[in-house]
Amino acid sequence: MIRRIWALAVKEFYHLRYDWWLPAFMLFGGVLELILVGWATSRPMTNLPLMILDDDRSAASRQVITMLENTGTFSLEALVPDEEPIREAMERGEIYAAVIIPPDFSEKMASTNQIPNLAVLLNGAESIPATAALRAVEGLAREMGQEIAVERLGIDAEEFAGFEFSVRTWFNESLSEAYYTTPAELALMLEFTVLLFAALSFSRERELGTLEQLLVMPLTSLEIIIGKSIPVVMIGFIDFSLMLTMVHFVFGVPIRGSLPLLLLLAFGYLLVELAKGMAISVFSRSQHQAFLLVMILGFVDFMFTGYAAPVESMPKFLQGVAQFIPAQHWLAILRGIMLKGADLQVLWPNLLALLLLGLAIGTFSLRYVRRALS
Amino acid sequence: MSLRRLWAVAVKEINHIMRDPITLGLVILAPTVVLFVMAFAVTVNIQHVPIAVLDYDRSPTSRAFIQRMTAGDDLDLYAQVEAFEEIDALLLRGKIKAAIVVNPRFAEELLAMRSMPLLVIIDGTEPQSGAHALDHIAWRTEEFISQVLGQELEALGMPRGSLQTLDLRVRTWFNPGLKSKNDVIPGLISLVLGFPALSVALTLAREREHGTLEQLIATPVGRAELILGKMLPYIMVGLVNVILIPAIAIATFHIPFQGNYILFFLLSAIFLFAILSMGTIIGVFIHTQPAALALSFLVIFFPAFFLTGIFFPIAAMPEVMRMESLALPGTHFAIITRGIFLPGVGLEVLWPYAVMLFGLGVGFSAVAALFFHKKLA
């Protein structure tokens, strides 16, 4: 039996040599994409173009402009005479925010009981950079406001430590964005590549008409399934190891827990996705169908992983559904081991859930695929 | 080029599509589902973030403070703990996303206006919940301080409700409340309309795989006719999505649509032409479907996500990437969709982007047709 499975696996590898694009994509495409994704998502927003309308033209207003430039978030696009150029630039999507310093700004700053104001205009059609811009301006306003308050309240600046509380970020003391994003992207990349590769296995043979040949060979359906799975598992696992290496060395994300445990669980998770992919692959009549199904199912999983939106904020019903998504438990395990240094004592609920889901999906998939093949 | 021959190719392709209703259904369903899922993720309001509280002060002031923190839907008190180690364990298990530690002498220090003896701990592995908890705590803290110190502040002419002695007035144009769903969802339309492009790449690769491309080549159909004829049916399929997706965005996610729908439809057709031309280039160069799939991901989907300015602003990109993003149809179309949805601008503002899209489409399909010929020889 092992000899026959091996023969089939070797045949699969021959195919891969001819169809080298897919394994190449799985191995290097995944890594390449992770670099791109990680690079794009792991940087704070800087150089946002900002327009300033200074109606005050005083020493105080010039100081505000300097402070805005010093936040590091903005690059000064232009000093404008009125609101018209701001509106035009926003309609074209060229700027995300503008700051207006009103004519009485320096006067109110100098008085003892008047509150100076600044206006910030945001481009609502670009809400993500606009929000980043707002945060930066708010931080500046808070800083200036507190300086004024301390001065006017007559608090001894020496004794006053500020009303800011202290913050500590656990598991990510340096506040690296890469810690948030790259482990999740690694987890999802593994899911999509394995799912896609497995989903093409039978659908491709069927579309090209070679499935019949496979079926008339002296192989049992179980042997066919195992033989088909070997290349997927091997390439998927190598792919995971490559991506993990890169996340660790290029993006500096630590692996605080046990590496062997992480690799073992990655292998287990890979088998769950393999089972899903195989079921899709016998269901689909063509590669096109298989691909579209992978996209639909993959994106539904993506919604429940907690990467795009936190699961605990979702309606109760969807929180329940999330418990049945293997990718969600896998992401918890991956983040737990890499960032929190968690061990089995901590991770067992996720592991148990993954195990049960894996058994259920695996059993269903095996029966479904065997029936379809015979 | 003859329109009749172009149409003949298109009809052949339409027949082919109609023969396989499951695939047709999936081709229409996939962009819709992907848009729905991503739109849902954008609209989830972050709330009910579980936190733990450790109160070393145990004064009426600290109790009032904790009460105020956990009032409302934003933060949920998961546990009031007695020791620091408990916070550690809860964070490790992911039971809480943040913790508030009220230091001893909290009330004393605060009332004397010396400091804010408070420590906030957030889980650094899940950015959204942690950041939300932090924002919420900061905002509530400020409110609390200004209430406790209300009288002193009022005497100085400061508003009672706020410690801000600098009044920041925020005006948001086009999208009151700065709701990210209102611009991200129109932007995502340019991402999900990449699916028909992938279908074109796959059908071209499929003809090669099945060896039916030679038959097509033997007919008197020219290469431009063949390329455009292959594209036309998928532009039609894409247009079904152009009708369906804004309807979902408006009905389900309550996205305002300020502009002209006819204009939106026409510019979407130009966008489909441009993005499908990218798909045909892939189909011309690549000879198997798995490879076409892989390349489509690299060339169509990932750049559409990261380089078209939907999530990551183009102005903040390095020069090289900014140039690359200009070559992507999605960049121009994302500006068009958001422009039509939110400010409701018309061609007087959008014409340069429409011209760019059309230019890219003509350029890409010319490249496809050119190399198609060479590949046959």
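**Domains, strands and the contact**

Tutor: In this predicted model, the centres of domain 1 of chain B and domain 2 of chain B, taken over C-alpha atoms, are separated by 49 Å.

Student: Which residues make up domain 1 and domain 2 of chain B?

Tutor: The domain assignment of chain B gives two stretches for domain 1, whereas domain 2 is written as one stretch, 49-155. The bounds asked for are 3-42 + 178-376 for domain 1 and 49-155 for domain 2.

Student: What distance separates the centres of domain 1 and domain 2 of chain A?

Tutor: Chain A is divided into domain 1, with residues 2-41 + 176-373, and domain 2, with residues 48-153. Taken over C-alpha atoms, the centres of these two domains of chain A are separated by 48 Å.

Student: Are the residues of strand β3 of chain B buried or exposed?

Tutor: Strand β3 of chain B covers residues 98-102. On one side of β3(B) stand A98(B), I100(B) and V102(B), and on the other stand A99(B) and V101(B).

Student: In which sense does β3(B) pair with strand β4 of chain B?

Tutor: Strand β1 of chain B, residues 49-55, runs parallel to β3(B) and is joined to it by five bridges, with I51(B) opposite A98(B). Strand β4 of chain B, residues 118-123, also pairs with β3(B) over five bridges, and here V101(B) stands opposite L119(B). The sense of the pairing between β3(B) and β4(B) is antiparallel.

Student: Which residue of β4(B) is the bridge partner of S166(A)?

Tutor: Strand β5 of chain A, residues 166-170, pairs with β4(B) in the parallel sense over five bridges. Within β4(B), the bridge partner of S166(A) is L119(B).

Student: Which helix gives the most residues to the side of chain A that touches chain B?

Tutor: The contact takes 93 residues from chain A and 88 residues from chain B. By class, the side of chain A that touches chain B has 58 nonpolar, 21 polar and 14 charged residues. The helix that gives the most to this side, with 15 residues, is α6 of chain A, residues 127-153.

Student: How many residues of helix α12 of chain B are buried?

Tutor: Helix α12 of chain B, residues 261-285, reaches 36 Å from its first C-alpha to its last, close to the 36 Å expected at 1.5 Å a residue. This helix, α12(B), is mostly covered, and the number of its 25 residues that are buried is 18.

Notes. Residues numbered from 1 in each chain as written. Chains lettered and ligands numbered in written order. Predicted model: local features only at pLDDT ≥ 70, side-chain atom pairs only at ≥ 80, totals over all residues. Buried ≥ 20, exposed ≤ 12 C-beta atoms within 10 Å, placed from the backbone. Helix = DSSP H or I, 4+ residues; strand = E, 2+ residues; numbered from the N terminus. Pairing = 2+ DSSP bridges. Domains from an automatic or database assignment. Contact = placed C-beta atoms within 7 Å. Nonpolar A, V, L, I, M, F, W, Y, C, P; charged D, E, K, R; others polar. Expected span 1.5 Å × (residues − 1).
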